[in-house]
Amino acid sequence: MSKKVETSCDGCVHYNAADLKKLGVDVTDVDYVVALAGNPNTGKSTVFNALTGLRQHTGNWPGKTVTRAEGGYSFADKKYKLVDLPGTYSLLSTSQDEEIARNFILFGKPDVTVIVVDAGRLERNLNLVLQILEITDRAVLCLNLMDEAERHHITIDERSLARDLGIPVVPTSARFSKGIPELIQTIHEVATGEIKCKPHRIKNVPKHIDKAVKILSKKIEIQYPEIPNSRWLAFRLLDGDERVIEALETGEFI
Amino acid sequence: MTNEIKKPEDIVALSNELRWQIGDGFHDQLTEGIYADAAVIAQNSVTKEGGKRNFRMDSTIDKVVTSRVWGFPIMIFILSVILWLTIEGANYPSAMLATLLLEDVYSFLKEISTSIGMVWWLDGFLLDGVYLALAWVIAVMLPPMAIFFPMFTLLEDFGYLPRVAFNLDSLFKKSGAHGKQALTMSMGFGCNAAGVVATRIIDSPRERLIAIITNNFALCNGRWPTQILIASIFIGAVVPSYIAGIVSTLSVIGIALLGIGFTFLVSWFLSRSVLKGEVSTFTLELPPYRPPRVWKTLYTSLIDRTLIVLWRACLFAAPAGAVIWLISNIHFGDQSIATWLIDNLDGVGLFLGLNGVILLAYIVAIPANEIVVPTILMLTVMSVNIAGFGEGDGVMFELDTATETAAILKAGGWTLLTAINLMLFSLLHNPCSTTIYTIYKETNSVKWTAIATFLPLVMGIVVCFLVAQVWRLFV
């Protein structure tokens, strides 16, 4: 259902952004589910508020969101449900807030996962990004807090970053609503399949581990041919993650 | 190795087998691998120019506000300024609102009620009970909240609260609790229910329980205004008027610090008795200072915090007003229920350095701590029956001047001890109903909910009793 380009405006995200309807808490009959993940204090709730028109309390405060907040918006005739997840540094440990985030991305199967990162602290944030990219192959990197990064004289080559990660990268300053139209457009394109992601998979894995992971993930794929993240499941199984073992036994992945 | 896998159990079995082959250190090696990837990717796309000025600015501020010498004094100073501005600034708008709602609107409503010939008890129940309770709560609570919350939110947005957590971290470790409890406690300064939910960031169940039980010792949104009110009405009334503002401010700070002190004390006690265990370590990330977006913050803190807290207070004040009017106007023999209750509670009350009125006010206002102060004032007037104050039995009223308040309090048998113990009791009693419910949902245990509920109450009674005994020994 791509529109025919008639004027130069039609192809512009700012023109299309007029389509955005903030739906607040109305999340019935949605077409797509979008998860907002990221490290603590990168502005997930600010992005959430900018998209849904809700006023989730935001604060300069790591660990402010510990529960899931949900809201909705509609764009280009599609309804989106947005889920604001608690901020986490990784998906490998077991505190309750990390589990909420992990379980939603894994079992909630969002159509798109928007990973919000602090542009000024990219390297540290990439730890979580790489883990998420093992789980899902439909993701958008929201390079937030660009205003701060600029103030600190940090420049990021978005195109090379997008190429390395294999997912679209959108620079934003959510506090000032900058980059939000582009973000909405990109989420839309990933959700509808216009953009196909080829997410980066973790490369620096020691050989003996890699071998075990390959054996295990192949078996998982035989059992569940549809599964997109057999490699990550293999990682978790080898780490002895009880919740993932349980989910495998009950067949929660299907 | 099994070639055919038919069941998920086989996958699990295979993974167990492989885990043995890999040996220890899988988790660490994987994490290292991820970091190595991250470093390569970041190197390819991030360029940083020489100027590190802003980072240095952040760390310079941090060196001062988290320093051993200046950390605590700065914390106390900032808190003092905010409280002082609130106490001094709220006077004038409060008086204006009181005149408007309690005199003009009230007499207007009374006239209407007379002109349509409403029966006396309905008129009393609705106007003297429900309406006056609502008007009172709005007049005394709205101005301090409208000043306090925006300032508190600005501080939060700027990034100061995590520094408070940082300063307190070592004290938490010493008391056997998790350092992250400093964060959940700071959250509790906003709302205890939110603070209890925030304890989810603490991994260890033992330390999480300590954080949940002690969260009530952080003064919350509902109790900041209460403390500010008690301090400015009661403490302010018993000291000379030119130092009233300062003394009130200092007493509120004292109570807040005492609450923090009790947090450490109780954490220490719990971690050495029922909740023994090791202290876990963690990293606390100090977020960058961010210039707050002032107008947006003012708007959201007014809408989200002030109006929501006020709305909640009103919801509870209306029925409480009705109850107060009823117990003051239903008579058995020659006594109203309220007088009878106050007389009976007076013995216990005085024993604790409080009085019957305060205890009754707490019972009436159990669902909402916020409306305790208005209830106390109203019941005091009613029980001493001073001519010229208030409009009649069970009628909430407003006081125009500090001298009038002082006169009423003296007549009601109030001393400085009563005022101090009232503040202490207001810090140390059961959490509000919302928090109790949240604790139950988070712990899923009646036992721990009961402990979190009654422990502070028992402590409050003990502390008030001790203070009263010591006071009477010396004064």
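This is a predicted model: local features need pLDDT of at least 70, side-chain atom pairs count only at pLDDT 80 or more; totals for chains, interfaces and linings use all residues.
**Notes on the two-chain model**

1. Now for the wider contact between the chains. Chain A contributes 66 residues and chain B 67 residues. Together they bury about 6,300 Å², and 60% of that lies on carbon and sulfur atoms. As for polar links, 10 residue pairs are in polar contact between chain A and chain B, counting pairs with both residues at pLDDT 80 or more. Salt bridges across this interface number zero by the rule used.

2. Which elements of chain A supply at least two residues each to the side that touches chain B? They are α3 (96-107), α4 (122-135), α5 (146-151), β7 (154-156), α6 (158-165), α8 (207-223), α9 (230-239) and α10 (242-250). The largest share, eight residues, comes from α8(A). Sorted by class, this side of chain A holds 29 nonpolar, 20 polar and 17 charged residues.

3. Six of its seven residues are buried, so β3(A) is largely enclosed by the rest of the structure. Buried here means under 20% relative accessible area.

4. What does β3(A) pair with? Strand β1 (residues 21-24) of chain A is one partner, antiparallel over three bridges, and in that pairing A:Lys22 has A:Tyr73 of β3(A) as its bridge partner. Strand β4 (residues 78-84) of chain A also pairs with β3(A) in the antiparallel sense, over seven bridges. There, A:Gly71 stands opposite A:Leu82 in β4(A).

5. Two residues lie between its strands, and A:Ala76 takes a positive phi near 50°.

6. Finally, a residue in chain B: is B:Met185 buried or exposed? B:Met185 belongs to helix α7 (residues 181-190) of chain B, and its relative accessibility is 3%, so it counts as buried. Leaving aside residues up to four places away in sequence, B:Met185 touches B:Leu168, B:Phe172, B:Asn215, B:Ala218, B:Ile260 and B:Thr263. One of these, B:Asn215, is 30 residues from B:Met185 in sequence, while their C-alpha atoms are 5.8 Å apart in space.

How values were computed:
Residues are numbered from 1 along each chain as its sequence is written. Chains are lettered from A and ligands numbered from 1 in the order in which they are written. Side-chain values use heavy atoms; hydrogens and water are left out. Contact means heavy atoms within 4.5 Å. Buried area is the accessible area (1.4 Å probe) that two parts lose on being put together, summed over both. A salt bridge is a side-chain nitrogen of Lys or Arg within 4 Å of a carboxyl oxygen of Asp or Glu. A polar contact is a pair of N or O atoms within 3.5 Å; within protein, one must be able to donate a hydrogen and the other to accept it, and residues adjacent in sequence count only if both atoms are side-chain atoms. Helices (H or I, at least four residues) and strands (E, at least two) are DSSP runs, numbered from the N terminus. Ala, Val, Leu, Ile, Met, Phe, Trp, Tyr, Cys and Pro count as nonpolar, Asp, Glu, Lys and Arg as charged, and the others, Gly among them, as polar. Buried means under 20% relative accessible area, exposed over 50%, partly exposed in between (1.4 Å probe, protein chains only). Two strands pair if DSSP finds at least two bridges between them.
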